[in-house]
Amino acid sequence: MRRVRPGAAASRGGPASRAVGEERALTSVAAGDTYEGERPADQPRLWHVTLSVSGGEAPLTEVRRGLEQLAHDHPFLLTSRYAGDHAEIRYWEEARDLHDAAAVALRLWGEHRQTAKLPPWEIVGLEVIDRETYHQRIAEGYGPLPATPVGVHPF
């Protein structure tokens with residue numbers, strides 16, 4: 001018995017078959033496309049974001065003050081950890097899809113750098129996971145630790 005993927009042609013030698021050595025065409029799915037049974041793409045979801053930044057040494061008091069101002073300006077900020085040359089920011093973002101959540105996260109540091117007087121550091125890491133994955137990781141005992149205590153804290 002020959003096994004066939006659902007939706008693939010089961011006949012041999014018919015028009016749907018490929019010649020020996022002929023490559024199969026690959027297709028991609030556009031961002032936001034959904035499949036049968038999936039939630040509509042226009043409904044926002046919650047995404048857990050971890051943004052890592054680093055750069056030259058900065059006074060700890062200035063780093064802390066800047067992160068506290070960022071938390072004030074960006075109300076969904078959960079927690080920040082910092083040292084003199086790097087910081088990690090965690091928060092929940094409501095967005096249509098991962099692409100939108102990541103785009104907002106990648107703009108966060110730069111857009112608030114002047115208003116919050118943040119150090120001139122660059123983004124060196126970004127993780128964006130959906131709510132279900134975040135909770136699954138926590139339940140399994142790995143992944144980012146729950147963001148408690150909320151606030152700005154040294155590493």
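Predicted model: local features only at pLDDT ≥ 70, side-chain atom pairs only at ≥ 80, totals over all residues.

Q: What holds strands of a sheet together, and in which sense do E2 and E3 pair?

A: As a general idea, strands of a sheet pair through backbone hydrogen bonds, either parallel or antiparallel. Here strand E2 (residues 77–82) pairs with E3 in the antiparallel sense, over five bridges. Another pair in this stretch is Ser 80, whose bridge partner in E3 is Ile 89. E2 and E3 form a hairpin, with three residues between them.

Q: How many bridges join E1 and E3?

A: Strand E1 (residues 45–54) and E3 are joined by ten bridges, and their pairing is antiparallel. If you look at Ser 54, you will find His 86 of E3 standing opposite.

Q: In what order do the strands of the whole sheet lie?

A: Five strands form an open sheet, and reading across it gives the order E4-E1-E3-E2-E5, with mixed pairing. The edge strands are E4 (122–130) and E5 (151–154), each of which pairs on one side only. Neighbouring strands of this sheet are turned against each other by 15° on average, direction ignored.

Q: Which helices pack on the sheet, and which strands do they touch?

A: Helix H1 packs on the sheet and touches E2, E3 and E5, and its direction makes about 170° with that of E2. Helix H3 (residues 131–140) also packs on the sheet, touching E1, E3 and E4, while its direction makes about 90° with that of E4.

Q: Is strand E3 mostly covered or mostly open?

A: In general, the side chains of a regular strand alternate between the two faces of the sheet. Strand E3 (residues 86–95) is mostly covered, for eight of its ten residues are buried.

Q: Which residues have the most contacts inside the largest nonpolar core?

A: The largest nonpolar core has 24 residues, and those with the most contacts inside it are Leu 67, Leu 70, Ile 89, Tyr 91, Trp 109 and Trp 121. The elements that give two or more residues to this core are E1, H1 (60–73), E2, E3 and H2 (98–112). H2 supplies the largest share, namely five residues.

Q: What does Trp 121 touch, apart from residues up to four places away in sequence?

A: Among the residues that Trp 121 touches are Val 53, Ser 54, Val 63, His 86, Ala 87 and Trp 109. Ser 54 and His 86, both on that list, are the pair that stand opposite each other.

Methods
Residues numbered from 1 in each chain as written. Heavy atoms only, no water. Buried < 20%, exposed > 50% of the residue type's maximum accessible area, 1.4 Å probe, protein only. Helix = DSSP H or I, 4+ residues; strand = E, 2+ residues; numbered from the N terminus. Pairing = 2+ DSSP bridges. Core = buried A, V, L, I, M, F, W, Y, C linked by side-chain atoms within 4.5 Å. Contact = heavy atoms within 4.5 Å. Axes fitted to C-alpha atoms, helices over the stretch in contact; angles between N-to-C directions.
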